[in-house]
Amino acid sequence: MTLTVVAECLAAPGQEDRLRTALEAMIEPSLDEPGCLAYRPYADPNDPARMVVVEEWTDEQALTDHFATAHFRHVKEVLEQVLAEPMTIRKLVAAPGE
């Protein structure tokens, strides 16, 4: 069963471009990881400070491995500097019967 992850980010005032750049830089290396099926950042058209990343992983271990990569550790450091509040991460699986 695949694992869908929704990560919500809110940039601090004036940090919107840095947030967008950091999340976009994660696309290619994340998609190159074993177990990554999808990785896509989205911007809120009504609030440029708010972005959401929707990811799909083959399983929990693939996500755990992702958190240990150099590119994730780097973006985590950047996010600590540009976010107005801690990132919210939701892990989801298909509803029964799906």
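The largest pocket holds about 160 Å³ of space. A pocket here is an open set of points on a 1 Å grid over the protein atoms alone, where a 1.4 Å probe fits, with protein on both sides within 12 Å along at least five of seven lines; lining residues have an atom within 4 Å of a point. The volume is the space filled by probe spheres set on the points, which are joined across faces, edges and corners.

This is a predicted model, in which local features need pLDDT of at least 70 and side-chain atom pairs count only at pLDDT 80 or more, while totals for chains, interfaces and linings use all residues. Residues are numbered from 1 along each chain as its sequence is written, and side-chain values use heavy atoms, without hydrogens and water.

F72, K76, L79, E80, L83, M87 and I89 line the largest pocket. Helix α4 (residues 70-82) gives the most to this lining, with 4 residues; helices are DSSP runs of H or I with at least four residues, and strands are runs of E with at least two, numbered from the N terminus.

Strand β1 (residues 3-10) is largely enclosed by the rest of the structure, because 6 of its 8 residues are buried, that is, under 20% relative accessible area with a 1.4 Å probe, protein chains only. Its pairings, each requiring at least two DSSP bridges, are as follows.

| Partner of β1 | Bridges | Direction |
|---|---|---|
| β3 (residues 47-57) | 8 bridges | antiparallel |
| β4 (residues 88-92) | 5 bridges | antiparallel |

L3 has W57 as its bridge partner in β3, and V6 stands opposite R90 in β4.

The structure holds 0 disulfides, a disulfide being a pair of cysteine sulfur atoms within 2.5 Å. The sulfur of C36 lies 16 Å from the closest cysteine sulfur, in C9, too far for a bond. C9 is buried, at 1% relative accessible area, and C36 also counts as buried, at 10% relative accessibility.

How values were computed: Buried means under 20% relative accessible area, exposed over 50%, partly exposed in between (1.4 Å probe, protein chains only).
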